[in-house]
Amino acid sequence: SMAEGAGAGPRLAELLATGRRLWEEVETGAEPSSGAPAVQDKVRQGLDALQRAAAMVAQLDLFSENEELEEIASADLKYLLLPALLGALTVKQVDLSRRLEHLESARAHFWRFLKVCRSYGLGSFHLPPATTSPPGEEDAGSPSPGVPAAAQPSLMAMASSRQAKIERYKQKKELENRLASMRTFVESGQADEDQIREFYILQIRKWINTSLEEIESIDQEMVILRSRGTAKQSSAPPHSTSRQVRAPLKPFILARDAAQAKVFGAGYPGLPTMTVDDWYEQRRRQGVVSGQCVPQRMPGITDEELQKQQQEKKEEEEDEEALQKARNWDDWKDTHPRGYGNRQNVG
């Protein structure tokens, strides 16, 4: 089927090789942070190459649901990896305001890859559900209301999943060793067709393991993000990149709920009272909560701005200290009656 698009062959192979090389550079890169602009550039370029390759594969109709693995030409097997590589690079994007969207898209890529592998009988594994349902939807049919069955794993299930993970890890290491020993052989052009075929099938098996692991960790991260309410933020337009100006934190009493806030407020008219939810909401509005609190030095920030940031941070820490002092003073007043220690008028 490759011959149909004259010239598509080499160009397609090139796009896949480029995307793959960029993924490897990002994965094993020396850059300490995946958020570094140079790394994110590679992520973007890699995604671009792989998306173009995937579009060509779809156009050439390279794989169809009703054919057997044997019917795929050995040289074409490597294109089965496209969705897995797309998923792997999609996960590497660091834009916090779009994190949920990126996770959903990466998960869909990994899932598509696993589904195709299943239809060709590659690897025996349990295909995860196609999508994750937001909290509140998945427990509709579960026996105990409010607690999805998945949240009550039996010890047996936990032990067997741990065992499965250990198995998977061993398999992965073994696969990686075999791949490493075959790689130079295949890439130097000395391998015959059977060896090339085996090499690509081993790669696919390795990526099946990776995809299952990735989907598992994506699902965990999505639970955390949704519970933090980041879903609301991700639909909003991303914030301007300049750091929002934050009002310093004035001392106040943190109460668990509104009722407690009333009680506390009565005793200390000088200090405003806030429930935990109010406090969280206020800090979220100021852009403090949800992982944006670390002032990274953005490219192009002047020393003066950096100094200002450090000054703000210092003031914040001083506010923290004032808050702690106020709390200590409150604790002391709780345990010492008014006039305690006033001894000079006592005979």
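# Group meeting talk: a walk through a predicted chain

Let's start with confidence. Among the elements of the protein chain, helix α7, residues 230-235, has the lowest mean pLDDT, at 54. Helix α3 has the highest, at 97. Keep in mind that this is a predicted model.

Across the protein chain, pLDDT averages 79. Of the residues, 72% score at least 70. Over residues 1-6, pLDDT stays under 50. The model has 11 contacts for that stretch beyond four places in sequence. Over residues 138-150, pLDDT again stays under 50. There the model has nine contacts beyond four places in sequence. Where pLDDT is low, the predicted coordinates should not be read in detail.

Now the overall layout. The protein chain holds 10 helices and two strands. Starting at the N terminus, the order is α-α-α-α-α-α-α-β-α-β-α-α. The chain has 347 residues, and 34% of them are buried. Next, contacts between residues at least 6 apart in sequence. Of these, 67% join residues at least 24 apart.

On to the helix packing. How do α3 and α6 meet? Helix α3 covers residues 82-91, and helix α6 covers residues 193-227. They pack at an angle of about 40°, and their axes are 11 Å apart. The crossing of α3 past α6 is left-handed. Which residues make the contact? From α3 come A84, L85, A88 and V91. From α6 come W207, S211, E214 and I218. Sorted by class, that contact has six nonpolar residues, one polar and one charged.

Helix α6 has another partner, α5, residues 155-187. Here the angle is about 145°, with the axes 9 Å apart. This crossing, α5 past α6, is left-handed too. What classes of residue make up the contact of α5 with α6? There are nine nonpolar, five polar and 11 charged residues.

Let's zoom in on one residue, A106. Where is A106? A106 sits in helix α4, residues 99-119. Is A106 buried or exposed? Its relative accessibility is 0%, so A106 counts as buried. Leaving aside residues up to four places away in sequence, A106 touches G87, T90, V91 and I218. A106 and V91 are 15 residues apart in sequence. In space, their C-alpha atoms are 5.9 Å apart.

Now the aromatic rings. How many aromatic pairs does a search of the whole structure find? The search finds two. Take F199 and Y200. Their ring centres are 5.8 Å apart, and their planes stand at 50°, so the pair is tilted. Tilted pairs fall between the stacked cut-off, under 30 degrees, and the edge-to-face cut-off, over 60. F199 is buried, and Y200 is buried as well.

Last stop, a loop. Most residues other than glycine have a negative phi. What is phi for D61? Phi of D61 is near 55°, a positive value in a residue other than glycine. D61 lies in the loop between α2, residues 37-60, and α3. Is D61 buried or exposed? D61 counts as exposed, because its relative accessibility is 57%.

To wrap up, return to α3. Helix α3 has the highest mean pLDDT among the elements of the chain. Helix α3 packs against α6, and its residue V91 touches A106 of α4. That's the tour.

How values were computed. Residues are numbered from 1 along each chain as its sequence is written. This is a predicted model: local features need pLDDT of at least 70, side-chain atom pairs count only at pLDDT 80 or more; totals for chains, interfaces and linings use all residues. Side-chain values use heavy atoms; hydrogens and water are left out. Axes are lines fitted to C-alpha atoms, for helices over the stretch in contact, and angles run from 0 to 180 degrees between N-to-C directions. Helices (H or I, at least four residues) and strands (E, at least two) are DSSP runs, numbered from the N terminus. A crossing is left-handed if the near helix is turned anticlockwise from the far one by less than a right angle, and right-handed if clockwise. Contact means heavy atoms within 4.5 Å. Ala, Val, Leu, Ile, Met, Phe, Trp, Tyr, Cys and Pro count as nonpolar, Asp, Glu, Lys and Arg as charged, and the others, Gly among them, as polar. pLDDT is the predictor's confidence in each residue, from 0 to 100. Rings of Phe, Tyr and Trp (its six-membered ring) pair if their centres lie within 6.5 Å; planes under 30 degrees apart count as stacked, over 60 as edge-to-face and the rest as tilted. Buried means under 20% relative accessible area, exposed over 50%, partly exposed in between (1.4 Å probe, protein chains only).
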